[in-house]
Amino acid sequence: MRAAALSEFGAPEVLRETTVKDVEAGPGEVRVRVRAAGVLPFDVRVRGGWTPPFIKREFPMVLGNEFAGTIDQVGEGVGAFAAGEEVLGYGVLGGYAEYVTVPADQIVRKPAAMPWEVAAGFSGNGQGAHMALSTVGVHPGDTVLVNAAAGGFGTFAVQLALAWGAARVIGTASERNHDHLRALGAIPVTYGEGLAERVRAIAPEGVDAAVDAAGPEALRASVEVAKDRARVTTMIADEAALELGLPAVAGARSAERLGELVDLYVQGKVNIHIREAYPLARAAEAHRDVESGHGRGKVVLTIG
């Protein structure tokens, strides 16, 4: 089957379209013919050589941990799904390929009206935002700060906080993305020096909760304006969070969590902006795009 795979770790150029061994659904699994796959910062970090303990350092390595497609093979013991059903889901590796196999409890049915590119980019950032906001808590009437609010994670976090009852969401982004944040319902502020003062100008009493996907500087500013640092967390600045005594993002991805997000999509409460859809052969370009760090919305690969 065709796939975008690594034969070594390194710069985006090490990610190339190639042919790898076909995969087959085992007991409790389904095989999905992939139509599109999301590209996440997690994938970029793995490509560069970061390998958490649950990933084997074996080549060729097919990246991609969120996808959408059609089930074409059902393993023994799977009764909840059938071949031909359109689904979206998540794994650890393998999504940048014509076929991927995952346990049947890591997929949900795709709404008929959801575009393939949106479905492909829904699981990773969506579940990440769900876990981060669940960690800090969002209550009716809260003021919530989202750092890097225009990206894939931030776009979800803004909409999800509002769907859960936040009265105000303040979102940090470059000025060119401020109209995008307003359209999502957020109050935009600019990154950089003086961020804490700009947030205080909007919320003099401070913010009730904050989630971060921008880095250490924005995280420190979040602590300055937070009423309670126990309600501040980050997706990327782990060392700074440890230094500041902040909680780590808690929880795990699940079909239940993903299903809740899909229900909110059907209700019109969450959606994602597709920044760019690259063909599989241009996976390296997709990684460069994600590495740029300040783009609006989601990057995906089209495969099927």
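In α7, the buried residues, with under 20% relative accessible area (1.4 Å probe, protein chains only), are A218, L219, A221, S222, V223 and V225. Helices here are DSSP runs of H or I with at least four residues, strands are E runs of at least two, and both are numbered from the N terminus. This is a predicted model, so local features need pLDDT of at least 70 and side-chain atom pairs 80 or more, while totals for chains, interfaces and linings use all residues. Residues are numbered from 1 along each chain as its sequence is written, and side-chain values use heavy atoms, without hydrogens and water.

What do the buried residues of α7 pack against? They pack against β9 (143–147), α6, β12 (209–212), β13 (232–234) and α8 (238–244), where contact means heavy atoms within 4.5 Å.

Now α6. Helix α6 (residues 195–202) packs with helix α7 (residues 216–225) at about 40°, their axes 9 Å apart. On the α6 side, L195, A196, V199 and R200 meet A218, A221, E224 and V225 of α7. That contact has 6 nonpolar residues, no polar ones and 2 charged.

Last, the cores, meaning buried Ala, Val, Leu, Ile, Met, Phe, Trp, Tyr and Cys joined through side-chain atoms within 4.5 Å. The largest has 41 residues, and L88, F122, L133, V144, V146, V169 and V211 touch the most other members. Helix α4 (residues 152–163) gives this core its largest share, 6 residues. A second, separate core of 40 residues includes V39, Y96, V100 and A104.

Notes. Axes are lines fitted to C-alpha atoms, for helices over the stretch in contact, and angles run from 0 to 180 degrees between N-to-C directions. Ala, Val, Leu, Ile, Met, Phe, Trp, Tyr, Cys and Pro count as nonpolar, Asp, Glu, Lys and Arg as charged, and the others, Gly among them, as polar. Buried means under 20% relative accessible area, exposed over 50%, partly exposed in between (1.4 Å probe, protein chains only).
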